[in-house]
Amino acid sequence: MTARIIDGKVLSDTIKTEVAQRVQKLQQQGMTPGLAVVLVGEDPASQVYVRNKAAACEKAGFLSRVVRLPADTTQQQLLDVVQELNQDDAIHGILVQLPLPPHMDSGLVIETIAANKDVDGFHISNAGLLMTGRPLFRPCTPYGIMKMLESENVGLRGAEAVIVGASNIVGKPMAMLLLAAGATVTLCNSKTRDLAAQTRRADVLVVATGKPGIVTGDMIKPGAVVIDVGINRGTDGKLVGDVDFESAQKVAGAITPVPGGVGPMTIAMLLVNTVEAAERALQASHQPA
Ligand code: NDP
């Protein structure tokens, strides 16, 4: 068997076109969605991510504002910037690029973002809403994965879904979304005793550890849908995922490539969350005070 490749580039382009249409509708009503991205310091990977996000925003017709702050910015200065953006009516989505320099408390910074502008979906109240089945913003990476599964017509009701990696930004919200879709969810972490025994049960396997090649073909159930979230730089400088693609594609029914899989979907869903925030702001402005 050779797995079907789930092309995140093609699907994300379709989603971006839909977003651009929604932006046009908003503009006809006098509103342009605005996304502010705050970058502290000069981490090279973060700079690339921020550049890509800003370019995608501009292409979709958004107002894109990038706030670049030096690495020695104090936490209070960053909080002040976030507060100003909270008050700015031209900005509907705020994203603080992680990781922040070590002298900053990321949790506190994220909690300072207004929950209704938290397009990353990391704010504690958005995490709580997701957990209780009333999501306002779904975190972009798991949200993009749900769109990929939907586009592949993967039946999730009663399916065994196994997630390897339990971070707040990928694994945990992924578990909530799959659970809400009716899957039976197993969430693995670095202490999981027999990882292969877990992954081999999976109809849907999501891998997000940052450990290249942690999942190999022999750990995959024949015909399973495999979603590789990992982005790792190989020794040859090329990007690789967490799944050993060579061996996995011989067993899986469908698989996402790296690059060109989950990565482009994450940016597309950031645009979706921002346009939704702008639509909600417009609706709220029409309601009597
Ligand atoms: P974190 O480092 O925050 O979390 C990693 C998770 O993997 C932890 O829960 C950890 O367990 C678990 N883990 C580590 N080793 C093992 C192991 N041997 N067996 C089972 N679980 C293990 O990573 P992120 O979630 O932020 O990112 C994961 C990967 O996804 C990275 O490569 C990152 O670059 C990529 N990424 C890609 C995105 C995209 O758009 N494509 C977006 C976000 C991330 P424990 O909790 O026990 O420590």
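## Close-up views of a predicted model

**Figure 1. The largest cavity and its lining.** Ile94, Leu95, Val96, Leu98, Ile110, Ile113, Asp118, Asp120 and Phe122 line the largest cavity. The model shown here and in the other views is predicted. The volume of the largest cavity is about 50 Å³. A search of the whole structure finds 1 cavity of 30 Å³ or more. Strand S4 gives 3 residues to the lining of the largest cavity, the largest share. By residue class, this lining holds 7 nonpolar and 2 charged residues, with no polar ones.

**Figure 2. The two domains of the chain.** The chain is divided into domain 1, residues 29-114, and domain 2, residues 140-262. Between the C-alpha centres of domain 1 and domain 2 the distance is 29 Å.

**Figure 3. The largest nonpolar core.** This core has 54 residues, and Val19, Phe62, Leu149, Leu178 and Ile227 are those with the most contacts inside it. Helix H10, residues 262-286, supplies 12 residues, the largest share of this core. In soluble globular proteins, nonpolar side chains tend to be buried together.

Figure 4. Leaving aside residues up to four places away in sequence, Leu149 touches Val154, Leu156, Leu178, Val204, Val225 and Ile227.

**Figure 5. The largest pocket.** Its volume is about 1300 Å³. The lining consists of 46 residues, and Tyr49, Thr141, Ile231, Gly263 and Thr266 lie nearest the centre of the pocket. Two or more lining residues come from each of helix H1 (8-28), helix H2 (44-59), strand S4 (93-96), helix H6 (140-151), strand S9 (232-233) and H10. Domain 1 (29-114) and domain 2 (140-262) each provide at least three residues of the lining of the largest pocket. The lining of the largest pocket comprises 23 nonpolar, 14 polar and 9 charged residues.

**Figure 6. The second largest pocket.** The second largest pocket has a volume of about 350 Å³. Of the 18 residues that line the second largest pocket, Phe122, Ala127, Asn168, Lys172 and Pro173 lie nearest its centre. Helix H4 (106-112), helix H5 (124-131) and helix H7 (171-180) are the elements that give two or more residues to this lining. H5 contributes 5 residues, the largest share of the lining. The residues of this lining divide into 11 nonpolar, 5 polar and 2 charged.

**Figure 7. Surroundings of His92.** His92 lies in the loop between helix H3 (75-87) and S4. With a relative accessible area of 5%, His92 is buried. Residues up to four places away in sequence not counted, His92 touches Met31, Thr32, Pro33, Gly34, Asn116, Lys117, Thr274, Ala277, Ala278 and Ala281.

**Figure 8. Two cis peptide bonds.** Leu98 and Pro99 are joined by a cis peptide bond, with omega about 0 degrees. The peptide bond from Val258 to Pro259 is cis, and its omega is near 0 degrees. Pro259 is in the loop between strand S11 (254-255) and H10.

**Figure 9. Backbone at Asn153.** Although Asn153 is not a glycine, its phi is positive, about 55 degrees. Asn153 is in the loop between H6 and strand S5 (160-164). The relative accessible area of Asn153 is 70%, so this residue is exposed.

Terms used
Residues are numbered from 1 along each chain as its sequence is written. This is a predicted model: local features need pLDDT of at least 70, side-chain atom pairs count only at pLDDT 80 or more; totals for chains, interfaces and linings use all residues. Side-chain values use heavy atoms; hydrogens and water are left out. A nonpolar core is a set of buried Ala, Val, Leu, Ile, Met, Phe, Trp, Tyr and Cys residues joined through side-chain atoms within 4.5 Å. Buried means under 20% relative accessible area, exposed over 50%, partly exposed in between (1.4 Å probe, protein chains only). Helices (H or I, at least four residues) and strands (E, at least two) are DSSP runs, numbered from the N terminus. Contact means heavy atoms within 4.5 Å. Domain bounds come from an automatic or database domain assignment. On a 1 Å grid over the protein atoms alone, a cavity is a set of points where a 1.4 Å probe fits but cannot get out, and a pocket is an open set with protein on both sides within 12 Å along at least five of seven lines; lining residues have an atom within 4 Å of a point. Grid points are joined across faces, edges and corners, and a volume is the space filled by probe spheres set on the points. Ala, Val, Leu, Ile, Met, Phe, Trp, Tyr, Cys and Pro count as nonpolar, Asp, Glu, Lys and Arg as charged, and the others, Gly among them, as polar.
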